[in-house]
Amino acid sequence: MDAASQAAEPQGPLPAAGEPAASATSADSAVEPSGEAVEVGKADEALEAGDQGEDQGEEQEPPAEQLDRPLPEGVRRRVVGLAADALGGLPLTDLPASLRPYAKFTPARRAKYAGTALAAALEAEPVFRLRIADRLRLGQPDLVKALEAGQVPGAAEPLDVAAAAYLLRTRGWTRLVAEAGEQAERAGAEDAAAEAARLVEKLQEELAATRLAARADLERQRAEAEGTRKELETLRKKLRGLESDTRRAQAETRKLQAELTAAAAAATVERGAAESENRRLKHRVAELETALEAGRRSAREGRSVEDMRLRLLLDTVLQSAQGLQRELALPVTQLHPADLVDAVVPGSASPHDVARRGLAEDDPALLDQLLAIPQVHLVVDGYNVTKTGYPTLPLEQQRLRLLGGLAMLAQRTQAEVTCVFDGQDLDVPVIMAPPRGVRVRFSRTGQTADELIRQLVRAEPQGRPVVVVSADREVADGVRKAGARPVASVLLLNRLARS
């Protein structure tokens with residue numbers, strides 16, 4: 001059928017059976033860049049030609065076929081998809097005004113966002129539908145030829161056949177559309193029935209599994225109930241045994257209470273007898289003390305003559321010695337024997353002279369005695385102490401914990417405190433505020449903390465007390481030669497733990 005007869009379909013007769021090729025040529029000529037006005041003009045000319053043919057005695061066609069119900073959803077989606085694919089190949093002037101905003105969309109976006117507009121334009125715009133049909137004729141020529149010949153390909157998809165029939169409006173297209181819709185509905189119903197059957201089967205399996213689980217749970221609960229009953233019976237036996245033991249214990253308690261009462265009465269009698277004996281002994285002691293004092297008095301009186309003789313002899317000896325001293329003109333000596341003994345004078349004591357005896361090397365009191373020396377300088381090997389006391393902590397946490405304890409120690413003892421860390425363990429510069437009273441130093445690159453400690457000891461003036469805390473034997477030997485007193489790291493850890 002040509003474009004003119006298709007446009008006048010609701011009012012004019014259908015084309016004859018032998019006109020498909022001519023109609024295709026007419027449709028191709030109708031799709032021109034001149035737009036809808038030219039197409040409508042050609043449609044009017046076709047209508048006039050049709051009227052003239054009727055006047056010449058041609059047989060009148062029956063009225064155009066119409067759907068008695070809305071287009072089935074499956075057929076509608078297929079028609080919209082065909083129109084969306086063909087829309088991009090049409091000039092913008094050939095499109096209805098409602099579809100021009102979607103001309104630059106992709107086919108998928110056109111089908112999604114312009115589906116309603118496409119369906120409405122296909123139904124209301126015969127010329128636009130003919131243009132889409134022409135595109136379909138180019139894309140599926142075999143299907144179009146078969147439909148125009150009144151045949152339905154057996155291997156074709158029913159929805160494709162119905163969509164093509166809807167666009168071409170061949171004879172019997174409404175029947176094809178209806179049958180395709182019914183087939184789609186039947187297929188949907190069959191899919192729904194299959195899904196329902198699958199769901200029922202799944203639910204039956206779940207029900208069977210639930211029943212098995214419930215049965216297993218019931219068996220487990222029965223076993224637990226049996227175990228609980230046996231345990232309850234055991235507890236009842238234990239309770240009866242405990243009640244029997246309690247009764248025996250109560251009887252034993254009553255017996256012990258009676259014995260205790262008897263013992264208390266006997267103790268009261270014995271205490272009375274002891275008090276009487278004590279009074280007698282005290283009286284006897286008083287008599288003996290009186291007799292002893294009398295004896296001492298008699299002895300003093302008898303010894304007074306001898307004491308007088310000894311005193312006279314002593315005075316004579318002293319006077320003779322004084323006369324001899326005057327005779328020899330001997331000066332009064334200022335030196336005493338105790339001054340010749342080698343010992344430590346309190347004011348000049350050094351860390352090496354403190355606590356040599358009586359205190360263990362890990363006794364915190366030893367560190368207190370060392371820090372009590374005036375102007376003492378405490379140098380701490382930082383990582384040696386932290387890795388001895390709390391090695392599992394990160395280095396930053398080790399430093400913070402040690403410096404916090406040293407700050408408290410410096411505040412209490414007023415000693416000068418310097419803490420040395422090995423700079424080789426640093427990945428980045430340490431941003432920290434040293435605690436009050438504690439000097440914090442890191443060794444330079446290529447220098448160890450041990451070397452820095454020995455350098456600090458050598459920097460002190462000769463005679464100043466310096467105490468170095470380190471468990472490293474090499475450090476201890478080095479600072480001892482420089483005049484400092486080394487102590488073990490555990491001594492400082494014990495002192496900080498006591499704080």
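Author: Let us begin with the sheet, which is open and has 5 strands in the order β3-β2-β1-β4-β5, with parallel pairing; strands are DSSP runs of E with at least two residues, numbered from the N terminus, and two strands pair if DSSP finds at least two bridges between them.

Reader: Which strands stand at the edges?

Author: Those are β3 (438–442) and β5 (485–487), and because each has a single partner strand, one side of each is left without a neighbour in the sheet. From one strand to the next, the twist averages 20 degrees.

Reader: Which helix packs on the sheet?

Author: Helix α14, residues 449–459, packs there and touches β1, β2, β3 and β4, while its direction makes about 155 degrees with that of β2. A helix here is a DSSP run of H or I with at least four residues, a contact means heavy atoms within 4.5 Å, and angles run from 0 to 180 degrees between N-to-C directions, with axes fitted to C-alpha atoms, for helices over the stretch in contact.

Reader: Where do these numbers come from, by the way?

Author: This is a predicted model, in which local features need pLDDT of at least 70 and side-chain atom pairs count only at pLDDT 80 or more, whereas totals for chains, interfaces and linings use all residues. Residues are numbered from 1 along each chain as its sequence is written, and side-chain values use heavy atoms, with hydrogens and water left out.

Reader: Okay, back to β1: how many of its residues are buried?

Author: Strand β1, residues 377–381, has 5 of its 5 residues buried, where buried means under 20% relative accessible area, with a 1.4 Å probe and protein chains only. His-377, Val-379 and Asp-381 point one way from β1, and Leu-378 and Val-380 point the other way.

Reader: And what does β1 pair with on the β2 side, and over how many bridges?

Author: β1 pairs with β2, residues 416–421, in the parallel sense over 5 bridges; Val-379 stands opposite Thr-418, and Val-380 stands opposite Cys-419. β1 also pairs in the parallel sense with β4, residues 466–469, over 4 bridges, and there Leu-378 has Val-467 as its bridge partner.

Reader: Last one, how many helices are there in the protein chain?

Author: The protein chain has 16 helices, along with 5 strands, and of its 499 residues, 28% count as buried.

Terms used:
Buried means under 20% relative accessible area, exposed over 50%, partly exposed in between (1.4 Å probe, protein chains only).
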